[in-house]
Amino acid sequence: MSVDSDGTEEHSWSVDPEDEQGADIVAFGRQMRARREALGVRVAELASRIRYGEDLIYKVEGGKRIAKPEYLDRVDEALEAGGLIKAMKEDLTRVRYPKNVRVLTKMEDDAVEIGAYRVHGIHGLLQTPGYARALFRMRQPAYSEAEVERFAAAREARWSIFDRNPVPTLGFVQEEGTLRRRIGGTMVWRQQLERLLELLEFRCVTLQVMPLASEAHAGMDGGIEVLKFGNGTAVGRSEGAFNGRPVSDPKRLQLLELRYGMIRAQALSPRESREFIEYLLGET
């Protein structure tokens with residue numbers, strides 16, 4: 001029986017050595033190895049059964065790579081684990097993402113209201129996969145393709161917020177320049193604008209555009225984001241306030257909310273913003 005090529009990059013994810021979740025990945029690997037050794041199955045035999053390279057098995061069991069779901073499916077079946085190895089899917093998929101993304105995703109999942117103003121790019125919750133990948137590919141110093149896919153997948157995981165019931169109240173203000181800039185080329189750009197119009201079909205989503213012609217602008221210090229939770233607490237961050245650090249103190253939050261409120265008042269109305277996006281699409 002032939003065995004697939006090693007496929008380490010294709011069938012697993014990298015581990016961030018500075019992430020404390022690495023201990024969990026090592027523990028998962030030990031569980032898989034313990035199951036294999038309890039059955040007296042050697043690595044070479046398992047590789048033949050699941051049609052993956054031996055090196056990949058060693059790296060997964062050693063906590064040096066994060067196994068993808070399809071790998072876990074094959075190992076679970078090959079070792080007759082009865083679903084015990086498959087049950088690791090959710091945890092392993094989650095720890096593949098960078099720590100800061102996991103923290104952000106958790107906060108967004110808990111939020112009942114999110115308000116955000118963006119200066120340079122379209123907000124992560126509004127992006128298409130193509131737009132997200134284009135952004136990561138243009139970063140300097142350049143990311144490897146594996147890093148691009150890892151970061152893009154992490155961003156895509158945040159989009160599950162739109163599957164929640166009910167979806168939280170989401171308000172966005174985008175600089176006009178972020179909508180005009182053709183990140184990824186014309187097709188990617190058009191798909192991104194179409195995605196924005198699709199999201200505006202959600203009654204809980206509001207999008208406003210800050211026009212370049214606006215003479216008054218309360219957002220010159222940079223982007224702002226405020227997340228509010230069901231227990232009455234909130235957290236906010238702004239590039240131009242409090243050294244860019246997240247804040248939860250009511251007085252500091254009040255300052256951010258005041259500034260964000262002024263930005264919304266100075267931007268185009270939601271109806272005018274929709275018409276502006278439709279106008280941009282009609283230009284091509």
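**Reading rings, strands and a pocket**

Mentor: Phe136, Tyr143 and Phe151 form a cluster linked by ring pairs. This is a predicted model: local features need pLDDT of at least 70, side-chain atom pairs count only at pLDDT 80 or more, and totals for chains, interfaces and linings use all residues. Residues are numbered from 1 along each chain as its sequence is written, and side-chain values use heavy atoms, with hydrogens and water left out.

Trainee: How many aromatic pairs are there by the ring rule?

Mentor: Two numbers describe a pair of aromatic rings: the distance of the centres and the angle of the planes. Rings of Phe, Tyr and Trp (its six-membered ring) pair if their centres lie within 6.5 Å; planes under 30 degrees apart are stacked, over 60 edge-to-face, the rest tilted. By this rule there are six aromatic pairs. Tyr52 and Tyr71 have ring centres 5.5 Å apart and planes at 15 degrees, so they are stacked.

Trainee: Which parts does the pair of Tyr52 and Tyr71 tie together?

Mentor: Helices (H or I, at least four residues) and strands (E, at least two) are DSSP runs, numbered from the N terminus. Tyr52 sits in the loop between α3 (43-50) and α4 (54-61), Tyr71 in helix α5 (residues 69-78), so the pair joins parts 19 residues apart in sequence.

Trainee: Is Tyr52 buried or exposed?

Mentor: Buried means under 20% relative accessible area, exposed over 50%, partly exposed in between (1.4 Å probe, protein chains only). Tyr52 has 1% relative accessibility, so it counts as buried. Tyr71 is also at 1% and buried.

Trainee: How many bridges join strand β4 to β5?

Mentor: Strands pair if DSSP finds at least two bridges between them. Six join β4 (residues 169-175) to β5, and the two run parallel. Leu170 stands opposite Val205 in β5. Five of the six residues of β5 (residues 205-210) are buried, so the rest of the structure largely encloses this strand.

Trainee: Which residues lie nearest the centre of the largest pocket?

Mentor: On a 1 Å grid over the protein atoms alone, a pocket is an open set of points where a 1.4 Å probe fits, with protein on both sides within 12 Å along at least five of seven lines; lining residues have an atom within 4 Å of a point. Of 33 lining residues, Leu104, Arg118, Arg155, Arg158 and Arg237 lie nearest the centre of the largest pocket. Helix α7 gives the largest share of the lining, five residues.
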